Amino acid sequence: KINMTGLKVVRLAAKSREAITSNVEELTLHYQVQNVETAENHELQRLLRKRANQNISMSEEKKLMKLIRQSEQEFLKAADVICCTCVGAGDPRL
């Protein structure tokens with residue numbers, strides 16, 4: 001409900017729970033990184049599509065992981081509110 005106030009909300013989910021969908025999926029960090037296209041992440045989106053088709057090289061995979069980390073940091077810095085569990089608060093991404 002807090003996202004309806006106009007605040008930018010990001011929900012940080014544990015890596016082990018990223019495959020589980022929820023009713024606030026669009027607020028999760030991994031969803032935003034993978035699905036929200038920005039002017040800066042065209043290369044990230046291209047590599048994600050290529051990995052989905054399972055034809056990505058090792059160097060492209062390394063670049064993809066770097067771009068994902070950068071994108072995660074951008075979304076977290078832009079957020080007004082970050083939601084997480086107590087365990088999630090210890091995540092190195094924060």
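Modeller: Helices (H or I, at least four residues) and strands (E, at least two) are taken as DSSP runs and numbered from the N terminus. The model is predicted, so that local features need pLDDT of at least 70 and side-chain atom pairs count only at pLDDT 80 or more, whereas totals for chains, interfaces and linings use all residues. Residues are numbered from 1 along each chain as its sequence is written, and side-chain values use heavy atoms, with hydrogens and water left out.

The chain holds 3 helices and 2 strands, and from the N terminus their order is β-α-α-α-β. Along the principal axes, the C-alpha trace spans about 40 × 30 × 25 Å. The radius of gyration is taken over C-alpha atoms, and the globule rule is 2.2 Å times the number of residues to the power 0.38. For 94 residues a compact globule would have a radius of gyration near 12 Å, and the 14 Å of the chain agrees with this. Residues are called buried under 20% relative accessible area, exposed over 50% and partly exposed in between (1.4 Å probe, protein chains only); on this scale 31% of the 94 residues are buried. With a contact defined as heavy atoms within 4.5 Å, 43% of the contacts with a separation of 6 or more join residues 24 or more positions apart.

As for the part you ask about, a pocket is found on a 1 Å grid over the protein atoms alone, as an open set of points where a 1.4 Å probe fits, with protein on both sides within 12 Å along at least five of seven lines; lining residues have an atom within 4 Å of a point. The largest pocket holds about 170 Å³ of space, a volume being the space filled by probe spheres set on the points, which are joined across faces, edges and corners. The lining of the largest pocket is formed by Lys-15, Glu-18, His-30, Val-33, Gln-34, Arg-51, Met-65, Ile-68, Arg-69 and Glu-72. Two or more lining residues come from each of helix H1 (29-35) and helix H3 (58-78), and H3 contributes the most, with 4 residues. By residue class, the lining comprises 3 nonpolar, 2 polar and 5 charged residues, where Ala, Val, Leu, Ile, Met, Phe, Trp, Tyr, Cys and Pro count as nonpolar, Asp, Glu, Lys and Arg as charged, and the others, Gly among them, as polar.

Gln-45 is connected to this lining by its contacts. It belongs to helix H2 and is buried, at 6% relative accessibility. Beyond its neighbours within four places in sequence, Gln-45 is in contact with Val-33, Gln-34, Asn-35, Val-36 and Glu-37; Val-33 and Gln-34 are among the lining residues. The C-alpha atoms of Arg-49 and Leu-12 are separated by 23 Å, at 37 residues apart along the chain.

The loop between H2 and H3 contains Gln-54. Although Gln-54 is not a glycine, its phi is positive, at about 60 degrees. Most residues other than glycine have a negative phi. Gln-54 is exposed, with a relative accessible area of 73%.

Gly-6 and Asp-80 are 74 residues apart in sequence, yet their C-alpha atoms are 9.5 Å apart in space. Ala-14, in the loop between E1 and H1, is partly exposed at 41%; its C-alpha atom is separated by 25 Å from that of His-42, 28 residues along the chain.

Finally, the cysteines. With a disulfide defined as a pair of cysteine sulfur atoms within 2.5 Å, the count is 0. For Cys-83, the nearest cysteine sulfur is that of Cys-84, 7.8 Å away, and Cys-83 is partly exposed at 31% relative accessibility. Cys-84 is likewise in no disulfide, with the sulfur of Cys-86 nearest at 7.8 Å; its relative accessibility of 34% makes Cys-84 partly exposed.
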